Amino acid sequence: MNDVVKYLQECGTFYLATVEGDQPHVRPFGAVCEFEGKLYIVTNNKKDVYNQMKVNGKVEMCGMNKGTWIRVKGAVKEDTRREARVAMMEANKNALQSMYTVDDNLITVCQTGNFPADVWRCGRRHIFFIIRKRGIILEETLYGKDKHDERSGYYETPCRLRKRL
């Protein structure tokens, strides 16, 4: 999960899509953190996005960084613990301190759990992460040799299956 969090942080701004009824809604997000091995996002509990996630937790996130883009999809769940809010504030002080405090009754953090994330470059799949509760990560690319990509910091490798450490 750390690679996905790092990539989203490097994007600066990424976009979160929710649905209300049959209408999709997309908006920019900028704060993300890892807490207890899970990806966390933050919002204000007075916003429409919060209410949309409460009704239907299925979301997708998308962001761009250094000529590549990521798509993350799955379901979110609100985490009401103070420790989760503290972790988010500490990881994103500059972005959040002017809007929230840990105990302001506005800041809401949502955990995403473990779900797939695709990283693409120029219309071709660059790296494909599947992170599941069983601890298996599948990395797949359309390239034939191991090669480090200087711009993105990721490795291009043939398909390989390994156990998560």
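## Surroundings of C62

Leaving aside neighbours within four places in sequence, C62 is in contact (heavy atoms within 4.5 Å) with F14, Y15, W69 and I70. C62 belongs to strand β5, residues 58–65; strands here are DSSP runs of E with at least two residues, helices are runs of H or I with at least four, and both are numbered from the N terminus. V72 lies 10 residues from C62 in sequence, and the C-alpha to C-alpha separation of the two is 6.4 Å.

C62 has a relative accessibility of 29% and therefore counts as partly exposed. The classes are buried, under 20% relative accessible area, exposed, over 50%, and partly exposed in between, with a 1.4 Å probe and protein chains only.

## Basis of the description

The model is predicted: local features need pLDDT of at least 70 and side-chain atom pairs count only at pLDDT 80 or more, while totals for chains, interfaces and linings use all residues. Residues are numbered from 1 along each chain as its sequence is written, and side-chain values use heavy atoms, with hydrogens and water left out.

## The open sheet

Four strands form an open, antiparallel sheet in the order β3-β4-β8-β7; two strands are taken to pair if DSSP finds at least two bridges between them. The edge positions are held by β3 and β7 (77–79), each with a single partner strand, so one side of each has no neighbour in the sheet. On average, neighbouring strands are turned by 45° against each other, direction ignored. Axes for such angles are lines fitted to C-alpha atoms, for helices over the stretch in contact, and angles run from 0 to 180 degrees between N-to-C directions.

## Strand β4 and its partners

Strand β4 (residues 38–44) is largely enclosed by the rest of the structure, because six of its seven residues are buried. Four bridges join β4 to the antiparallel strand β3 (residues 32–35), and K38 in β4 is the bridge partner of F35. The two strands form a hairpin with two residues between them, and E36 in the turn has a positive phi of about 55°.

Towards β8 (residues 107–111), β4 is joined by five bridges, again antiparallel. Here I41 has C110 in β8 as its bridge partner.

## Helices against the sheet

Helix α1 (residues 2–11) lies across β3 and β4 and runs at about 160° to β3. Helix α2 (residues 48–55) packs on the sheet, where it touches β4, β7 and β8. The direction of α2 makes about 130° with that of β4.
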